[in-house]
Amino acid sequence: MRGYSDVTVGQPVPPVEFTPDAVGLLRFGAVTRNTHRIHYDTAFARSEGLADPVVMAQLHGCLFHRAAAALAGETGRVREVAWQNRAPAHPGDRLVVTGTVREIDPARGEVTLDLVERCAAPDGEDLGIICCRGHAVVVLA
């Protein structure tokens with residue numbers, strides 16, 4: 001069980017890594033009913049001025065949720081996730097969500113996290129591209 005005494009301001013959030021591929025994006029789009037062709041059709045994405053198909057915003061949000069849920073543990077819960085997309089991510093990009101604990105409020109039962117998602121090369125090298133910034137609020141037991 002994770003409680004407030006197990007968390008400190010400035011503590012890192014366990015990183016979440018994910019590398020989407022074209023088939024995964026197509027399937028994620030089907031499940032979320034996001035049928036926009038920029039997410040799975042290379043020729044169409046390029047006709048719209050993009051280098052390749054792009055990862056959908058909802059998938060970035062899911063990765064932020066995973067990071068928050070990892071910190072919350074089995075007995076906690078994620079109450080809120082918010083993010084802003086800053087740069088596109090494409091199939092094959094390695095996405096890495098990291099963050100820190102910004103605030104602990106036991107009176108409200110909340111821990112607020114600052115989160116960021118970066119693009120990394122397949123070998124792990126940080127490419128310096130920030131895809132998303134945001135925050136999450138978790139409630140601990």
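This is a predicted model: local features need pLDDT of at least 70, side-chain atom pairs count only at pLDDT 80 or more; totals for chains, interfaces and linings use all residues.
## Overall layout

The secondary structure of the chain consists of 3 helices and 5 strands. In sequence order these elements follow the pattern β-α-α-α-β-β-β-β.

## Strand pairing

Strand β5 (residues 126–139) is antiparallel to strand β2 (residues 77–85), and 8 bridges join the two. Within this pairing, Val 81 stands opposite Ala 136 of β5.

Strand β5 also pairs with strand β4 (residues 110–120), again in the antiparallel sense, over 10 bridges. Here Leu 115 has Gly 134 in β5 as its bridge partner.

## Contacts and burial

Of the contacts between residues at least 6 apart in sequence, 68% join residues that are at least 24 apart. Buried residues account for 40% of the 141 residues in the chain; a residue is counted as buried when its relative accessible area is under 20%.

## Surface and charge

The chain exposes about 7,600 Å², and carbon and sulfur atoms supply 52% of that area.

The chain carries 14 positive and 17 negative charges. The mean position of the positive charges and that of the negative charges are 5 Å apart.

Terms used
Residues are numbered from 1 along each chain as its sequence is written. Side-chain values use heavy atoms; hydrogens and water are left out. Two strands pair if DSSP finds at least two bridges between them. Helices (H or I, at least four residues) and strands (E, at least two) are DSSP runs, numbered from the N terminus. Buried means under 20% relative accessible area, exposed over 50%, partly exposed in between (1.4 Å probe, protein chains only). Contact means heavy atoms within 4.5 Å. Accessible areas come from the Shrake-Rupley method with a 1.4 Å probe; for residues, only the protein chains shown count as cover. Lys and Arg count as positive and Asp and Glu as negative; His and the chain ends are not counted. The place of a charge is taken as NZ of Lys, CZ of Arg, CG of Asp or CD of Glu.
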